[in-house]
Protein chains: 2
Amino acid sequence: MIAVDANGADAGPAAVAEGAYRSGERVLLFGPQGEIGSRGSEPGVDSRVRVVDAPERIGGDEEPVRAVRSRPRASIVQAAKAVADGDAEALVSAGTTGPTLAAATLAIKRIRGVHRPAIAALLPLPAGQVLLLDAGANVEVRPEHLVQFAYMGAAFMEHVAGIERPRVGLLSVGTEAGKGTPDVQAAHERLAGGALEFAGSIEGFDLPNAAVDVVVTDGFTGNVALKTMEATSRVTRDAIREAAHSGVVSTLGGLLMRGSVAKLRKRLDPEGVGGAILLGLRRPVVIGHGSFGPDGLAAAIRLARRAVDEQMVERTAAALEAGGALRSAPAGSVNRG
Amino acid sequence: MIAVDANGADAGPAAVAEGAYRSGERVLLFGPQGEIGSRGSEPGVDSRVRVVDAPERIGGDEEPVRAVRSRPRASIVQAAKAVADGDAEALVSAGTTGPTLAAATLAIKRIRGVHRPAIAALLPLPAGQVLLLDAGANVEVRPEHLVQFAYMGAAFMEHVAGIERPRVGLLSVGTEAGKGTPDVQAAHERLAGGALEFAGSIEGFDLPNAAVDVVVTDGFTGNVALKTMEATSRVTRDAIREAAHSGVVSTLGGLLMRGSVAKLRKRLDPEGVGGAILLGLRRPVVIGHGSFGPDGLAAAIRLARRAVDEQMVERTAAALEAGGALRSAPAGSVNRG
């Protein structure tokens, strides 16, 4: 069973519900029953999707941790609690990163010995899929956080995305070990002596080229790089499209190219991939893009299902332990439960 | 007179010399006389370009500050000294960022009260020119550095690029003032209360869209964002070109579009803009892209000339002072001369 928060998608709760139906998976859907419709509540119609009426929604303008703590009836809080209580095996939300991160971290908790959960964005690039983490959960990190991100990202790409011995790169301002901040240099040294297929430091150039399978960075740089890539790709396509309308000959050319460009767009569509994954928690958590429609949300739900089936969490914990990357300090944080 | 280092360009010293001739400016060219040829040394042939034989070159694999300090005969060191001694008014190099930054900072020195020089990259985007700084001189910065970058970048865009009241954005992970690292938040607060046309925090999305004229960030994030943009633009264009060859109809379409796409590429060509500018020093310093050919280097030399003519340094110092952004601590650093 996958717990899904129906609030938060730009397209509205009904689109999330439609995605739940299309996923083919067993889903516990938290959202406003009135907007979702009754398909899930009529016995026998589609018993795979069960709707729990939860109209209360945490907005993007609220301070996430405070909102999650003070509003137990909010849909994302109830969905995360269902996972923590064992009623569901994974959590999926649509586009509300802050509240999802807060609700999941507080209820589902971190894997024992993990410093910080990270948002890992799965990018469909022309040369292949790349996992970029952290994409924004931690704007400041220490070297030991970057090292854990590397193990967590590699475990996901190996066991869920099915890439054998994924290559891991550390994002920096040059490929030499001596480049970057002191924290990046320290992480480089630890990764170079570790158990992963470490490709060393990489530059911004290497990210869109898919030079490695996993790109590790802090949440500030990762967030900026991710959004810059997304917008640059769009701006470039728009400029070419505009150039294609600059005259009769070009316009005809643009029309003739339309079919193959549409195919390309479909292949590079983030909706096909399923969104971002929250790594480092005790259950899989997938965050769809706010702009996803039903198909994107169905892909997000199937991605969560695959992470459960492939025992992503258990294998991540084992990889962190085998690599000596778990926090060695005694338990003490209230977040660790 | 503009001092130009002929070493460092991928295309070799002769291409830099050719760029110097094409610029139409008076140039003092430091490089290997044997490779540059004798055009500049024959009296009357082209008296605007004077060649100083300086075959010694600092390579990209050397530690820049140590190399600059220990090798006074290296071409970039001699060129920077010519500017410091008043024999030339500005410095231009082709692509060797580390040695140029070190040689210029040590010889030409910072504007009094400036903490750190910054590399400002002038980006030709479909929606207009954007100045991104710091693009890699300082991988770690404090809030007062970011504030100075904002004033320095705005002064360049206003007085050299000719944009009235340039809008300045602070790169962050969200548009709210409370987003980003504590240092970014502190810089945001100071800029919001300052004299610039401050557009607030911007996201990675806003960079390729040219939502502002000046994008301020630390040298780590700026370097990653710049290289990510450059590579994403190339990867997107390559993918579309490949799609255009995926069948007979598309191939014909691609051929018909070729003219207008070539025009677009020319408009977005970094060679037309002149490269990156080192801001915060007592004389203008321009660093071309290592890949520039003669036309790109000619544009870099003309950009340096314009910065001299428009009194960029004096106006930058005045703007920093008027904005209360100069360092108030007493002089003491050996770098300040």
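A residue is buried if 20 or more other C-beta atoms lie within 10 Å of its own, exposed if 12 or fewer, and partly exposed in between, with C-beta atoms placed from the backbone. By that rule B:Lys109, which has 19 C-beta neighbours inside 10 Å, counts as partly exposed. The structure is a predicted model, in which local features need pLDDT of at least 70, side-chain atom pairs count only at pLDDT 80 or more, and totals for chains, interfaces and linings use all residues. Residues are numbered from 1 along each chain as its sequence is written, while chains are lettered from A and ligands numbered from 1 in the order in which they are written.

**Relation of the two chains**

**Interface between chains A and B**

- Contact means that the C-beta atoms of two residues, placed from the backbone, lie within 7 Å. On this basis 49 residues of chain B are in contact with 49 residues of chain A.
- On the side of chain B that touches chain A, α8 (219-243) and α9 (248-267) of chain B each supply at least two residues. The largest share of that side, 19 residues, comes from α8(B).
- Helices (H or I, at least four residues) and strands (E, at least two) are DSSP runs, numbered from the N terminus.
- By class, the side of chain B that touches chain A has 25 nonpolar, 18 polar and six charged residues. Here Ala, Val, Leu, Ile, Met, Phe, Trp, Tyr, Cys and Pro count as nonpolar, Asp, Glu, Lys and Arg as charged, and the others, Gly among them, as polar.
- Because 100% of the interface residues of chain B are also interface residues in chain A, the copies meet through the same surface.

**Domains of chain A**

- Chain A is assigned domain 1 (1-114 + 280-310) and domain 2 (119-271); the bounds come from an automatic or database domain assignment.
- The C-alpha centres of domain 1 of chain A and domain 2 of chain A are 26 Å apart. Their contact takes 13 residues from domain 1 of chain A and nine residues from domain 2 of chain A.
- α5 (97-107) and α10 (294-309) of chain A each supply at least two residues of the side of domain 1 of chain A that touches domain 2 of chain A. α10(A) gives the largest share of that side, five residues.
- The side of domain 1 of chain A that touches domain 2 of chain A divides into five nonpolar, five polar and three charged residues.

**Backbone features**

- The peptide bond between A:Leu133 and A:Asp134 is cis, with omega about 5 degrees. A:Asp134 lies in the loop between β6 (128-133) and α6 (143-159) of chain A.
- In chain B, the bond from B:Leu133 to B:Asp134 is cis, with omega near 5 degrees. B:Asp134 is found in the loop between β6 (128-133) and α6 (143-159) of chain B.
- B:Lys109, a residue other than glycine, has a positive phi near 70 degrees. B:Lys109 lies in the loop between α5 (97-107) and β5 (118-125) of chain B.
- B:Ala210 is not a glycine, yet its phi is positive at about 55 degrees. The loop between β8 (197-202) and β9 (214-216) of chain B holds B:Ala210, which counts as partly exposed with 18 C-beta neighbours inside 10 Å.

**Strand β10 of chain B**

- From strand β10 (residues 276-279) of chain B, B:Ala276 and B:Leu278 point one way and B:Ile277 and B:Leu279 the other, and all are buried.
- Strands pair if DSSP finds at least two bridges between them. β5(B) and β10(B) pair in the antiparallel sense over four bridges, and B:Leu279 in β10(B) is the bridge partner of B:Ala118.
- β10(B) also runs antiparallel to strand β11 (residues 285-288) of chain B, joined by three bridges, with B:Leu278 opposite B:Val285 in β11(B).
- Five residues separate β10(B) and β11(B) in a hairpin, and B:Gly280 in the turn has a positive phi of about 105 degrees.
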